[in-house]
Amino acid sequence: MLEEPATIRAIVRALDGADAIVEVAQGGCGRCHEEGGCGGQHLTQMFCSSPKTYRAENSLGAAIGDSVTIAVAAGSVRRTANLAYGIPLLAIIAGAVFGMQLAGDTGAMAGAALGMLVSLVYVRFRSREINADPAGRPHIISRS
């Protein structure tokens, strides 16, 4: 079963080459109440009250001021969050555990720092790969 892409309403605020800078009034995809929703909107409402802007592929030629629907590939938000938060966290914990086995508390601190450094290099490399794939980028699917 293929998952449908997450969609959200936005307004085009600027154009930058083939991309549009869009403003999203609500945080997240708005599917918090649905099965499979991540609940991210609840978190963004706690920490971010102002509208946010994002870059989206503008293959439909939307103009500044247009109300548009943005689609993000199913699972891409989860994969990106895992890459940005999960990988570094696991690397820090693994580094600390291995470091503690080798040199006690000092080794744990050094291992955690090394794990963080290695994970940041990995995340930077993987994020470039992910950004190069047009299928995972947000894109405008309709204008209204």
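## Overall picture

Of the 144 residues of the chain, 25% count as buried, where buried means under 20% relative accessible area, exposed over 50%, and partly exposed in between (1.4 Å probe, protein chains only). The model is predicted, and local features need a pLDDT of at least 70, while side-chain atom pairs count only at pLDDT 80 or more and totals for chains, interfaces and linings use all residues. Residues are numbered from 1 along each chain as its sequence is written, and side-chain values use heavy atoms, with hydrogens and water left out.

The average pLDDT, which is the predictor's confidence in each residue from 0 to 100, is 83 for the chain, and 80% of the residues score at least 70. Among the elements, helix α1 (residues 40-47) has the lowest mean pLDDT, 56, whereas helix α2 (residues 76-132) has the highest, 93. Where pLDDT is low, the predicted coordinates should not be read in detail.

The chain has 2 helices and 5 strands, and from the N terminus on these elements run β-β-α-β-β-α-β; helices (H or I, at least four residues) and strands (E, at least two) are DSSP runs, numbered from the N terminus. The accessible surface of the chain, computed by the Shrake-Rupley method with a 1.4 Å probe, with only the protein chains shown counting as cover for residues, comes to about 9,800 Å², and 63% of it belongs to carbon and sulfur atoms.

## Strand pairing

Two strands are taken to pair if DSSP finds at least two bridges between them. Strand β1 (residues 6-16) runs antiparallel to β2, with 5 bridges joining the two, and V12 stands opposite V22 in β2. The hairpin of β1 and β2 has 2 residues between the strands, and G17 takes a positive phi near 65 degrees there.

Strand β2 (residues 19-24) is largely enclosed by the rest of the structure, because 5 of its 6 residues are buried.

## Salt bridges

The structure holds 6 salt bridges, each defined as a side-chain nitrogen of Lys or Arg within 4 Å of a carboxyl oxygen of Asp or Glu.

| Pair | N to O distance | Relative accessible area |
|---|---|---|
| D19 and R137 | 3.1 Å | D19 11%, R137 25% |
| R143 and D66 | 3.9 Å | R143 46%, D66 21% |
| R126 and E129 | 2.5 Å | R126 26%, E129 39% |

The side chains of D19 and R137 meet in a salt bridge. This pair links distant parts of the chain, with D19 in strand β2 and R137 in the loop between α2 and β5 (139-143), 118 residues apart. D19 and R137 also belong to a network of salt bridges that links D16, D19, R55 and R137.

R143 forms a salt bridge with D66. Here too distant parts of the chain are linked, R143 being in strand β5 and D66 in the loop between β3 and β4, 77 residues apart. R126 and E129, by contrast, both lie in helix α2, 3 residues apart, about one turn of the helix.

## Individual positions

S119 lies in helix α2 and, at 2% relative accessibility, counts as buried. Leaving aside neighbours within four places in sequence, S119 is in contact with I87, P88 and A91.

A73 lies in the loop between β4 (67-72) and α2 and is partly exposed, with a relative accessible area of 23%. Not counting residues up to four places away in sequence, A73 touches P5, A135 and G136, and the C-alpha atoms of A73 and P138, 65 residues apart along the chain, are separated by 7.3 Å.

I93 lies in helix α2 and is partly exposed, with a relative accessible area of 45%.

Technical notes:
Contact means heavy atoms within 4.5 Å.
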